[in-house]
Amino acid sequence: MLTNAPKGTKDMLPQQAYKWHYIENAFAEICRRYGFEEIRTPVFEHTELFQRGVGDTTDIVQKEMYTFKDYGNRSITLKPEGTSPVVRAFTEHKLYAGVQPNKFYYNIPCFRYEKPQSGRLREFHQFGIETFGTMDMMADAEVIAHGYDFLNEMGITDIELRINSVGCPTCRKNHREALRKFLEPKYDELCDTCKDRYERNPMRIIDCKSPICQELVAGAPMMLDYLCDDCKDAFEQLKSNLDAMGIEYVVDPGIVRGLDYYTKTAFEFVTTKIGAQGTVCGGGRYDGLVEEVGGPSTPGVGYGLGKERLLLTMEACGVEIPEPDKTDVFIAVMGDEAKSAGLKLMRQLRNAGVAVQMDIMGRNIKNQFKYANRINAKKTVVIGADEIANNSFAIKDMATSEQVNVPMEEIVAELTK
Ligand code: ATP
Ligand code: MG
């Protein structure tokens, strides 16, 4: 118990950490090119933010949140997703008063009480982007293109972009009635959660993970057929913007974000390469969300992308992430005087930006060389009594075994050139 991490969490060991650095650097870089700036929000928020911002008919709010009372008797929740905290910060700091649009990216841990399996954890990690302040479908297309290009740059092949429109509160009313009528004769067979959804928000039933509910909604009326002129127009514009950018997509009327504050665009990037949990990235437009959490009416659009699922997909696609160099130089020493000279040199080199190691285990010279090989040092500097007497150190190239002698005062310049 004491030596096992909690269920659904994973340690990130050095053997994996460099892979995370790789995707994180690449993500920050593509955000720079697209003009998204980083925003960091707290790991926990007031519970009510997620009840409002995610919606209390969703799986997340109904059964997945890590919620607790702190010692001040406040209800606190570890963030299960990234958008609501960004909306809260956007409102709190009145960022809407500045030049529009606002474009943010985030890189966060998320917490959801779920059944752990491959690609589904209780602590997982997300990248995300959000654009605030514009209704223009240029923004939706830009957000989608960002995800598309990022996944491409990460070497992912075989991933499908699926797009849909979930309409707006006006046109959704008609769809809601049609959906209720369709589901009425099947009401008794719905799962308990969906019985509640039937009353409060039937569109979410389309998104239920239960296979029985999935069967019951087969052939149900789809939102795409109920769009008002404005939403229909927006969807056409989105498609023509994507076409103009050469981005391939399929229209999938089954993609749902069923809350009133999610509007128009909904999309997912889905792969079949990593089994059942194939949605790597999901997003859409939320023109009512800022107002819902107490800000001025401001449109927004964004996506969230699961980093674990991204890495699983990269692995399945055979992407090789380059391992970083760890040690450039190893300093092997014989005797106390050499040790002092080595310590001095090591500091000089480290301060000059070189990755340097010395033995700190009391190894003899032979084992110091063995160790230098083990850690893949590119060069080894050898310091013994002779070297000190001649004021000249030997530098051995570990790949070619070539050795050169370099005067002590030139050695830093030699090793940093
Ligand atoms: P799913 O349908 O797989 O439960 P979701 O709709 O709950 O996903 P979002 O809230 O849209 O997911 O989160 C965005 C992304 O975060 C997902 O596309 C996925 O890559 C990732 N994700 C979501 N939940 C988990 C989890 N429990 N473990 C790992 N990654 C996750
Ligand atoms: Mg989920």
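This is a predicted model: local features need pLDDT of at least 70, side-chain atom pairs count only at pLDDT 80 or more; totals for chains, interfaces and linings use all residues.
Residues are numbered from 1 along each chain as its sequence is written, chains are lettered from A and ligands numbered from 1 in the order in which they are written, and side-chain values use heavy atoms, with hydrogens and water left out.

**Exercise 1: the ligand shell**

Work out which residues come nearest to ligand 1 and which polar atoms face its nitrogen and oxygen atoms.

Step 1. Start with the shell: 16 residues sit around ligand 1, and R112, E114, R120, L121 and K209 come nearest (near means a heavy atom within 4 Å).

Step 2. Now look for polar contacts (pairs of N or O atoms within 3.5 Å). E114 puts a polar side-chain atom 2.6 Å from a nitrogen atom of ligand 1. L121 uses a polar backbone atom, 2.9 Å from a ligand nitrogen, and K209 has a polar side-chain atom 2.9 Å from a ligand oxygen.

Step 3. Check the burial: ligand 1 taken alone exposes 590 Å², and the protein buries 86% of that (Shrake-Rupley areas, 1.4 Å probe).

Step 4. Sort by element, using DSSP runs (helices: H or I, at least four residues; strands: E, at least two). β6 (123-132), β10 (279-285) and β11 (300-306) each give at least two shell residues, with β10 supplying the largest share, 4 residues.

Step 5. Sort by class: 4 nonpolar, 6 polar and 6 charged (Asp, Glu, Lys and Arg count as charged, and Gly goes with the polar ones).

**Exercise 2: a helix pair**

Describe how α1 and α5 cross and list what meets there.

Step 1. Take the axes, lines fitted to C-alpha atoms over the stretch in contact, with angles from 0 to 180 degrees between N-to-C directions. Those of α1 (residues 14-34) and α5 (residues 137-153) come within 10 Å and cross at roughly 145°.

Step 2. List contacts (heavy atoms within 4.5 Å). On the α1 side you get I23, A26, F27, I30, C31, R33 and Y34; on the α5 side, E142, A145, H146, D149, F150 and E153.

Step 3. Tally the classes: 8 nonpolar, 1 polar and 4 charged.

Notes
A polar contact is a pair of N or O atoms within 3.5 Å; within protein, one must be able to donate a hydrogen and the other to accept it, and residues adjacent in sequence count only if both atoms are side-chain atoms.
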